[in-house]
Each structure stands twice: as structure tokens, then as C-alpha cells.
Amino acid sequence: MANAMLNVEVTITHDRFPEIIAKLPNLAHDMVAKAASDVEARSKQICPVRTGALKNSINTEFLEPALASVGPNMDYSIYVEFGTYKMAAQPYMRPAADMVRPQFIEACERVLKTL
């Protein structure tokens, strides 16, 4: 069998890369903002409440345009989420994120299809 060389030529007739790249930061920010808002709302719905301080401390902070941090700012919040040897865990942040994850993934897929 002889070595056959295959030559391929690709011609780009419509270069949309600059347009797509320009849209990505805003699209990414919008998707992250929606997901962060949803996680915040869900976590507040399922957060255990004794005084309301933990629930009221849950907020969203944007670290970068497409990077958000959602969570409480009470010192004891980690003990409620994960429990201690004296107290059972009462998760509220992880379940909230798990509930929102499928919608976030679907939103990402929809946006990618439109590009």
C-alpha cells in the first residue's frame, strides 16, 4: 500500500469569531447572575431558621463579571451546613446549588447553540 498524502484546504467565508467573542462576557455574566440569584433564593427557602440571622445573611457577591459567590456570612453557618459531632447537618447551600445546576447547564447549552 502506497503512502497517500491527503491535502485539505479550508476557506472561511464568514468569520464570526470576533462577534462571538464580544458577546461571551455579557452572556456568561447573565447566566452566572441568574444562577447565583436562584441559588440565593433556594437556599433562603430551605435554610433552617431559629432566629432568621443565618437566612438573612445569605447573599451574592460578584468576584468577577462571570464569577459569583453565594453564601451566608455567619460564623456558625458551616456547622449548620455540615454538622458537628453534637449536631446533625442541616444542609441548605449544597442542596440549593444542586437544584439550580440543571437549569444552569441548560442555559449554557441554549446560549452555545445560538452562537
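Tyr79 sits in helix H3, residues 77-82. Helices here are DSSP runs of H or I with at least four residues, strands are runs of E with at least two, and both are numbered from the N terminus. The model is predicted, so local features need pLDDT of at least 70, side-chain atom pairs count only at pLDDT 80 or more, and totals for chains, interfaces and linings use all residues. Residues are numbered from 1 along each chain as its sequence is written, and side-chain values use heavy atoms, with hydrogens and water left out.

Buried means under 20%, exposed means over 50%, and partly exposed lies in between (1.4 Å probe, protein chains only).

## Helix H1

Helix H1 covers residues 17-46, which is 30 residues. Its first and last C-alpha atoms are 43 Å apart, close to the 44 Å expected at 1.5 Å a residue. The expected span is 1.5 Å times one less than the number of residues. H1 has a kink of about 35° at Leu24, shortly before Pro25. A bend is the angle between axes fitted to the seven residues ending at a position and the seven starting there.

The buried residues of H1 are Ile20, Met31, Val32, Ala35, Ala36, Val39, Glu40 and Ser43. They pack against strand E1 (59-64), strand E2 (67-71) and helix H4 (93-114). Ile21, also in H1, counts as exposed because its relative accessibility is 55%. The C-alpha atoms of Ile21 and Leu115 are separated by 9.6 Å, although the two residues are 94 apart along the chain.

## Ser43 and Ile58

Ser43 lies in helix H1. It counts as buried because its relative accessibility is 0%. Beyond neighbours within four places in sequence, Ser43 is in contact with Ile58, Tyr92, Met93 and Ala96. Contact means heavy atoms within 4.5 Å.

Where is Ile58 placed? Ile58 is in the loop between helix H2 (53-57) and E1. Ile58 is buried, with a relative accessible area of 1%. Leaving out residues up to four places away in sequence, Ile58 touches Glu40, Ser43, Lys44, Cys47, Val70, Gly71, Pro72, Tyr92 and Met93. Ile58 and Gln90 are 32 residues apart in sequence, and their C-alpha atoms are 15 Å apart.

## Salt bridges

How many salt bridges does a search of the whole structure find? It finds five. A salt bridge is a side-chain nitrogen of Lys or Arg within 4 Å of a carboxyl oxygen of Asp or Glu.

In H1, Lys23 and Glu19 are four residues apart, about one turn of the helix. Their side chains meet in a salt bridge at 3.4 Å, N to O. Lys23 is partly exposed at 38%, and Glu19 is partly exposed at 37%. Lys44 and Glu40 form a salt bridge at 3.1 Å, N to O. These two are separated by about one helical turn because they are four residues apart in helix H1. Lys44 is partly exposed at 24%, whereas Glu40 counts as buried at 18%.

## Helix H4

Asp98 is partly exposed at 46%, and Arg101 is partly exposed at 43%.

H4 bends by about 35° at Arg101, and Pro102 follows within four residues. The 22 residues of H4 should span 32 Å at 1.5 Å a residue, and the end C-alpha atoms are 31 Å apart, which agrees. Met93, Ala96, Val100, Ala107 and Val111 are buried in H4. The buried residues of H4 pack against H1, E2 and H3.
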